[in-house]
Amino acid sequence: MKYVDEFRDGELARGLSAAIRREADPARDYAFMEFCGGHTHAISRYGVIDLLPHNVRMIHGPGCPVCVLPVGRIDMAIRLAMTRAVTICSYGDCLRVPASDGLSLLKARARLDKSRADIRMIYSAADALALAQREPQREVVFLAIGFETTTPPTALVLKQAQALGLNNFSVLCNHVLTPAAIVAILEHPEGTGVKLDGFVGPAHVSTVIGSRPYDFVAAQYRKPVVIAGFEPLDVMQSILMLVRQVNEGRSEIENEFTRAVTRDGNLKAQAVVTEVFELRDHYEWRGLGSLPKSALKIRSEFARWDAEAKFGLDYTAVADHKSCDCGTILRGEKRPAECKLFGTVCTPETPLGSCMVSSEGACAAHYNYGRFRDVTTAG
Amino acid sequence: MKPNYTRPLDLRSGRIDLNHGAGGRATAQLVAELFGRAFDNPWLAQGNDGAVLPAPAAGERLVMSTDGHVVSPLFFPGGDIGSLAVHGTVNDLAVMGARPLYLSASFILEEGFPLAELKRIVDSMAAASRAAGVAVVCGDTKVVEQGKGDGVFIATTGIGALPPGRTPGGACARPGDVVLVSGSMGDHGMAIMAVREAIAFESEIRSDSAALNGLVEALFGAVPGSDVHVLRDPTRGGLATTLNEITRQSGTGMMIEEAAIPVHPQVAAACELLGLDPFYLANEGKLVVICAPARADQALAALRAHPLGANAARIGQVIEDQHGFVQLRTALGGMRMLDWLSGEPLPRIC
Ligand code: SF4
């Protein structure tokens, strides 16, 4: 079955490829940003660019949860584990993000006195809550990261913690908002930034928030958005739709991912999120700087389970490594191989910047799947 | 009558204690009643500190290999740490082109480990070694305090005889050579992952753990030894890592066709679900064969005629590339690298 499907995929892909080649105007260039790391990964993993004409260029966007996490936020979690008797739980990729002093959560773990503190990898927010329930003497802090997709599960564990009256559980919230990041990409100072003709819009994020929150991109900035699923054929279809919009001078929010995304999104999930979280005034993103109303914080009703309140944590901004180009990569201004550190100092085994950590990061995707393109190979 | 005035091992509800590793009577009893009985062969029966083995046939050379086994869970669909400890070392010898002959087995047991489970493991090891035609001729047992081991660790060392004319090695791949695999990729890794993550699938995913010496002999029966350039078993790191090791050793590159690589549909579906890549998952009963292009059809037919190679496939070829890149033509029709495994294969977060 699988092979038949894949064969069909190949056939469909060739068809879409031919359509894009046919419709893309050879007299002009097209530059589209795929916002999500999931799309970046799909494009790299399936070699989608080989199926696009040379004048259609895909630019990687900032939609990779661990990539946009600034050093200062990781430092905060490390400090918490080092100085207080807590167990930090987070997703695997998050543990590998480089922080200050050559540390990461993973490296910090080796220095901890395990009888007091620990740093653990988990697969879901519920795992962290379960650990706190199973071991009441352990102080568990869930380091929550991610865009709107991972926010509802965090909201749910906070509600559960409240319902259970759990005293040994809290959340260090770093949830961020997609539309704010898109604004940051579009609102760059004159003469800088990247020229974009449109966006491949988020897949999973849009299942939660719907397509409505992107309306401003078309209305205010006159850029088309096509929301697309994470399958490579979805991406190709959305690229074709973007080419058509550009050719016809349209800028609309279109939805390629109708099998999962509606205009309004998942209202239940949105309600839970609103119940538990409110907007932060400012949040610092890696690469995009401090953006107003771009992230969530835990409402005061849930302060008992808010690690920032519970442990009196303050955020201190920390500059990225001076040769690190993560910022320009995240804004789409540079390609991974243009960073001086790419593949020499910064590799997936020894990441220096966050974009090299997650498989959704632009640098990791290029390193793992595409770096053969940077050298000419025989055969 | 009370024959020996000893109380037999309680293999139903007994547990390993520190005495079993102290080298005294309890150790001797464990060795005799459990290991000796299960592995039963003349070398072991002599009870000496080592085994005296016959010299290899004229013209044959000896090959030796060793492997430590730490797997959690100890029991999984399609095998257990015992059968794995046999297959792992037997396969290391087989992919050298050697006929595996003898094994040693060293057990590190954790205090408190149930004897019944140990018996299951040892019996499975004995059955696997018998099926592979190798004898476990010597061994060792140590016991570590509770909390200092993971139940059971098993290290096995194997000795095999390498017939003249067989010289497979990672450095021997040449541009133009054909790359074959003996069957579906990722079964073992996914079987373990499914148990660890407690993922239930419609039908169970079974490890492919198996001894490959029979399959290797079938291959050498059909293809002249000098035309089989590389043999590998793609264990940890999976197919992708194995292919990269070969290009690095031989200073070549590879062009692989994704659609040609067999993957069990269940494994593919599970990988999809967990965000994993089957080409990075371990195999414990699969062969990668790189042979001269003129022999590719013969080699493929020989693999397919053997029960362990029924799904064998031709997946690509060796090319010139000083960078050692393994390139993959995706099922979609694009290109990408099939790179080394980086870190542990982990399920994705969202
Ligand atoms: S190569 Fe490393 S340091 Fe440079 S931009 Fe990429 S992740 Fe950042």
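Author: A residue is called buried here when its relative accessible area is under 20%, computed with a 1.4 Å probe on protein chains only. The model is a predicted one. With that cut-off, helix 15 of chain A, residues 362-370, is mostly covered, and nine of its nine residues are buried. They are Ala362(A), Cys363(A), Ala364(A), Ala365(A), His366(A), Tyr367(A), Asn368(A), Tyr369(A) and Gly370(A). The cover over these buried residues comes from both chains: it includes helix 2 (37-45), strand 2 (56-63) and helix 14 (326-330) of chain A, together with strand 13 (335-337) of chain B.

Strand 13 of chain B leads on to a sheet. In chain B, seven strands form an open sheet in the order 8-10-7-11-9-12-13, with mixed pairing. Its edge strands are strand 8 (228-232) and strand 13 of chain B, each of which pairs on one side only. From one strand to the next, the twist averages 25°.

Further along the order, strand 9 (residues 253-257) and strand 12 (residues 326-329) of chain B pair in the parallel sense over four bridges. Ile256(B) stands opposite Leu328(B), which is in strand 12 of chain B. As for strand 8 of chain B, helix 6 (residues 213-222) of chain B lies across this strand and strand 10 (288-291) of chain B, and helix 6 runs at about 170° to strand 8.

Note on methods
Residues are numbered from 1 along each chain as its sequence is written. Chains are lettered from A and ligands numbered from 1 in the order in which they are written. This is a predicted model: local features need pLDDT of at least 70, side-chain atom pairs count only at pLDDT 80 or more; totals for chains, interfaces and linings use all residues. Side-chain values use heavy atoms; hydrogens and water are left out. Buried means under 20% relative accessible area, exposed over 50%, partly exposed in between (1.4 Å probe, protein chains only). Helices (H or I, at least four residues) and strands (E, at least two) are DSSP runs, numbered from the N terminus. Contact means heavy atoms within 4.5 Å. Two strands pair if DSSP finds at least two bridges between them. Axes are lines fitted to C-alpha atoms, for helices over the stretch in contact, and angles run from 0 to 180 degrees between N-to-C directions.
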